[in-house]
Amino acid sequence: MRIDRALVAVAMVAAPAWAQDSKEQARTIAGAPAATPQRLKLTDVPVATGKATALFDGRSLAGWTPWLGYADPAITYRAGPADRPVGTSRDTGGDFAVKMVDGAPALWVKGQTWGSLVHRADLSNYHLRLQFKWGAKTWAPRAKEPRNNGLLYHTHGVPGEVFGTWQPSAEFEIMTGSTGMIVAVGPKLRGRTEVAFDPSLIAPHLRYRAGGRQVDLVNGTPTWNVEAGRDAERPVGQWNTLDLYVVGDRAVHVVNGVPVAEIRDLATIAPDGTRRTLTHGRIQLQSEGAETWFRGITVEPIATLPKVVVVR
């Protein structure tokens, strides 16, 4: 019954929420604030049920399809009918490429024009691992904001469906201070997770908390994203390892070996308004204002999810 009441509370505040103080919204949704981020650990890590596959061959962008949003990213969230995304209308070799860094090849994302690289593989029941590090460049309109990118999974729909720039998906956020955050990409994406109110965060002031109140992620509402349980990212310039475990409509986000978020009941809202379970899709590597390097992108099949345990 605790979960049911929490979901009712979210529904009651969602409609008028943006007119309220954002911290009051978050307190109503999540309850009392969390004193400190939880210490979490990963147990029961699944053994692969098959061979690992490299999604990046170290030589080319084979298997990846680029898509670019608007030439001026500043209009992304306010573009009008006359505005058109770049899409695939120009050569993208200056946006995405394979280059040498730290003595080895890596997939390079410039970040100046927003968009993504979408891999052709339709994935389900998998463990995806990659390494990333930030480059030196950041670009307007996020030049002075935290560096931002993302690993988007269960990707579906058509290129540019979301703000002319991305495809609908769930997001494993890659952003300084927030890597591992859960984001609903697109108005029809849904997913449930557990949260606590954290007034130290910017709106929507919600942080993942095992055993916290359950919320449904809905883009454009006070539950459009949920901050990672803690900041486990290494300093800018160092490599980070991300592990994404996905089985069916559930996923676990892990940053440098530290579990930082879980999501369940991933779904899309069908044209008739019904909720349809989402269990597979492609991945996107975002371009969103910051130069980023990726390497060691592999995926292997799994049958179970690891467990996220609170360290007392």
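Analyst: Two strands pair if DSSP finds at least two bridges between them. Strands are DSSP runs of E, at least two residues long, and helices are runs of H or I, at least four; both are numbered from the N terminus. This is a predicted model, where local features need pLDDT of at least 70 and side-chain atom pairs count only at pLDDT 80 or more, while totals for chains, interfaces and linings use all residues. Residues are numbered from 1 along each chain as its sequence is written, and side-chain values use heavy atoms, with hydrogens and water left out.

User: What makes β2 and β20 a pair?

Analyst: DSSP finds two bridges between β2 (residues 53-54) and β20 (residues 290-301). The rule asks for at least two, so they pair. The sense is antiparallel. Ala 54 sits across from Thr 298 in β20.

User: Which strand do nine bridges join to β20?

Analyst: That is β7 (residues 126-138), running antiparallel to β20. Leu 128 has Val 299 of β20 as its bridge partner. β5 (residues 104-109) is also antiparallel to β20, with three bridges. There, Leu 107 faces Phe 294.

User: What makes β3 and β14 edge strands?

Analyst: The open sheet has seven strands, in the order β3-β6-β19-β8-β9-β10-β14, with antiparallel pairing. β3 (64-68) and β14 (225-226) each pair on one side only, and that puts them at the edges.

User: How do you know that β8 pairs with β19?

Analyst: Three bridges join β8 (residues 148-155) to β19 (residues 282-287). The rule needs at least two, so the pair counts. The two strands run antiparallel. Thr 155 is opposite Arg 282.

User: Why is Arg 282 called partly exposed?

Analyst: Arg 282 has a relative accessible area of 25%. Buried is under 20%, exposed is over 50%, and partly exposed lies in between (1.4 Å probe, protein chains only). The value of 25% falls in between, so Arg 282 is partly exposed.

User: Why does His 119 count as buried?

Analyst: The relative accessibility of His 119 is 8%. That value is below the buried limit, so His 119 is buried. His 119 belongs to β6 (residues 115-119).

User: What does the side chain of His 119 reach?

Analyst: The side chain comes to 3.1 Å from the backbone nitrogen of Ala 121. A polar contact is a pair of N or O atoms within 3.5 Å; within protein, one must be able to donate a hydrogen and the other to accept it, and residues adjacent in sequence count only if both atoms are side-chain atoms.

User: Which residues is His 119 in contact with, leaving aside neighbours within four places in sequence?

Analyst: Contact means heavy atoms within 4.5 Å. The partners are Leu 55, Gly 63, Trp 64, Arg 282 and Ile 283.

User: Which residues line the largest cavity?

Analyst: Thr 193, Glu 194, Tyr 208, Glu 262, Ile 263 and Arg 264 do. β17 gives the largest share, three residues. β11 (189-197) and β17 (258-269) each supply at least two.

Notes: On a 1 Å grid over the protein atoms alone, a cavity is a set of points where a 1.4 Å probe fits but cannot get out, and a pocket is an open set with protein on both sides within 12 Å along at least five of seven lines; lining residues have an atom within 4 Å of a point.
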